[in-house]
Amino acid sequence: MVRLITHNMLACHVKNCTKDNFPLSFSDVELVVRPAPENLEFIQRFLPKLDWSALVDTARSLGDESLPEQMPDQWTEEQLKALHHVLMELHVEEGNMTCRGCGHVYPISNGIPNMLLAEHEVGR
Amino acid sequence: MPQYILRISLDHTSFRIPSLLSVSQVFNFAIRFISKDKYRGLLVIELEKEEDVHHILARDTLVLSACELYASGDTYEELHEQMKGNLKVLEPYLHSSFKFTLEGANHRVLDKRVTETVESFAYTELKGKIQMKDPEEEFVIFEDYDWEVAHTVEARIKRDGKFRHVYFGRRVGFGKARLLPTVHDVKARAYYGNTSMDSHMGFLMAGQALPAPGKIIYDPFVGTGSMLYASAHWGAYVMGSDIDGRQIRGKAKGKEVKPGILRAAAQYGTEDLFLDCLTYDVTKSPIRRGGWVDAIITDPPYGVRAGAKRLGRKEGGRPLRDEPYMFPDGTYSHLMPGYLPPSRPYELANLTKDLVQLARWLLVPGGRLVFFLPTVTEDYQEVDVPVVEGMRELKVGEGSVQDFGKWGRRLITMEKTAQDDGPPPTFEDHEEFDIRNQPDHLPGHHGFRDRYATGFSSRKKSENASPAGTPPVLEPVVSLGSGDKV
Ligand SMILES: C[S@@+](CC[C@H](N)C(=O)[O-])C[C@H]1O[C@@H](n2cnc3c(N)ncnc32)[C@H](O)[C@@H]1O
Ligand SMILES: [Zn+2]
């Protein structure tokens, strides 16, 4: 776990961190690919929720170059399948997600990210 | 339109109608309840087509069987008279092999009455072969008795034939979801904890979230995941978060260890539907946008087994640090392995209101919020369910309640009526629940943890509207663990 679909929904939430707090950048990653049953209708419905450029950059940082720079207006089945693969089948099992704004490191172990803030980051 | 007799469990009766409705909503068909008393062991409903009853049999954990209804009455005379005017319904089955069954609800009919009763249907002139094993059709006579405690032989003999109502119909099928709670039994689960929800309740709750393939269902207090297994069973994607990662993982440590929640999911064959599980405080959540979750389903912490807490420090105590703390040797405390930030109690009335606001933001239009609200029975009022613009409660009758005497758990189902995402909740303490503001009414779940601990003694006037100057009852700060030694 830590699939890119989830990663695309997460931003740094340290108090007063509002600039460059999304997307979190991966490092020291252990990546596992797990085939998942396709539901392309779901993928298509989810498109408007995605931040496309964040997704493309993140996928590339993990070595997946299959997504086009610009979100297509018309999707071919092949493109949707590539997107399914990126969103649902890549799992970051170990590593870090780092905020480019404040530098907070969110560690991932056994596929579970620890996104608890430290005391000085909470802001009441 | 055809009517059907459902033989239905007498457990969890206040969940029965919501459960049937939820199936009709998932599969988008209309259902009408014909029985005057909807809470007996037999329930007559009207549907447009037989296909709909198969959805009910496949999905509803309370339904034991379904028959197409042909005739009914308070006595056999009434039933036969009706049936004699309705014989054409049997035409398609005149030459099928068949058998007759006599079932009593709340009563086992005496053997000697079975034969004579079946023979009283001779006028149906069914011509097929009588076949007890695997007949093509099964015709069923239901006698519906009042529920009674005594089950002595004498009582049974005396009661026999004294039913309230009798029905006749053709078996359409048996409930296929009935055994799911057993298959998902917590004690046989690869991973569970002392906060795990009973598996049948898990299915009944999940049903209200209308789980289906391609939906995302989220539990912000996921614990050991028991709210999610049923949703995933019906094909939905699920995700969860918890302030305490140990609940998600379980005790076993090490790199190759699969988190507990995923071990249980693997046991049920739904691991690929578990999108993610994350550790964070829901009041300090990293979710960046709203409008993408189809349902939130949760059993919020109310302090009995796992107290609600949130990051922060108690009011009036030491203020929160603004700067990271550095040990004399130059290392930062928050970067030490096992560091746990300080937390303060999270009062249930505040939590509940936050939860509804979170749903208002996170859900898609029409999305659902399903949660248990524990309340002190004596103080519960309808207004206790938080009112938030853009969210409305869906309630059947008095609602679905698990009654434990002085307190009860209410299953609350809400629907997002707003079309936009709106702003994310701020998770500030809500003023209307601050006893220093002397509120006229505090919800029946306010301060639930303390009241549970004191055996639910009545609220004193002064607690409901405390005179100025009474110090607020605040719980001591609980640290999440031993890491917070600074
Ligand atoms: C009643 S339990 C939920 C049990 C869960 N249904 C299960 O299957 O185990 C409540 C959970 O809420 C968590 N919790 C308490 N305060 C929280 C907060 N502020 N944010 C997120 N989770 C919290 C607790 O750690 C606990 O696991
Ligand atoms: Zn940041």
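How many helices and strands are there in chain B? Chain B holds 13 helices and 17 strands, where helices (H or I, at least four residues) and strands (E, at least two) are DSSP runs numbered from the N terminus. This is a predicted model, in which local features need pLDDT of at least 70 and side-chain atom pairs count only at pLDDT 80 or more, while totals for chains, interfaces and linings use all residues. Residues are numbered from 1 along each chain as its sequence is written, chains are lettered from A and ligands numbered from 1 in the order in which they are written, and side-chain values use heavy atoms, with hydrogens and water left out.

Taken along the principal axes, the C-alpha atoms of chain B fill a box of roughly 95 × 55 × 45 Å. Of its 486 residues, 55% count as buried, a word that stands for under 20% relative accessible area, with exposed meaning over 50% and partly exposed anything in between (1.4 Å probe, protein chains only). Among the contacts in chain B with a separation of 6 or more, 76% come from residues 24 or more positions apart, a contact being heavy atoms within 4.5 Å.

Strand β1 (residues 3-8) of chain B has five of its six residues buried, so it is largely enclosed by the rest of the structure. Five bridges join β1(B) to strand β3 (residues 42-47) of chain B in an antiparallel arrangement, and β1(B) also pairs in the antiparallel sense with strand β4 (residues 63-73) of chain B, again over five bridges; two strands are said to pair if DSSP finds at least two bridges between them. Within these pairings, Gln3(B) stands opposite Glu46(B) in β3(B), whereas Arg7(B) stands opposite Ser65(B) in β4(B).

Arg7(B) also belongs to a network of salt bridges that links it with Glu103(B), Glu138(B) and Arg171(B), a salt bridge being a side-chain nitrogen of Lys or Arg within 4 Å of a carboxyl oxygen of Asp or Glu.

Another salt bridge of chain B joins Asp421(B) to Arg289(B), with the closest N and O atoms 3.6 Å apart. Here Asp421(B) sits in the loop between β17 (407-416) and α12 (448-453) of chain B, and Arg289(B) in the loop between β10 (274-279) and β11 (293-298) of chain B, 132 residues apart. Asp421(B) is partly exposed, with a relative accessible area of 26%.

Helix α10 (residues 260-267) of chain B has Gly260(B), Ile261(B), Leu262(B), Ala264(B) and Ala265(B) as its buried residues. What covers these buried residues of α10(B) includes α8 (228-233), α9 (245-249) and β10 of chain B. The helix α10(B) is followed by Gly269(B), whose phi is positive, near 75°.

Four strands form an open sheet in the order β1-β2-β3-β4 (chain A), with antiparallel pairing. The strands β1 (25-33) and β4 (112-113) of chain A stand at the edges, each with a single partner strand, so one side of each is left without a neighbour in the sheet. Seven bridges join β1(A) to the antiparallel strand β2 (residues 90-98) of chain A, and the bridge partner of Leu31(A) in β2(A) is Val92(A).

Also in chain A, the side chains of Glu93(A) and Arg34(A) meet in a salt bridge (2.9 Å, N to O). Glu93(A) lies in strand β2 and Arg34(A) in the loop between β1 and α2 (40-46) of chain A, so the pair ties together parts that are 59 residues apart in sequence. Glu93(A) is buried, with a relative accessible area of 12%, while Arg34(A) counts as partly exposed at 33%.

The zinc ion (ligand 2) is coordinated by the SG atoms of Cys12(A), Cys17(A), Cys99(A) and Cys102(A), at 2.2 to 2.3 Å; donors are N, O and S atoms within 2.8 Å of the metal (3.2 Å for Na, K and Ca), and water is not among the atoms, so sites may look incomplete. Both Cys12(A) and Cys17(A) are buried. In sequence, the donor residues of the zinc ion (ligand 2) are spaced C-x4-C-x81-C-x2-C.
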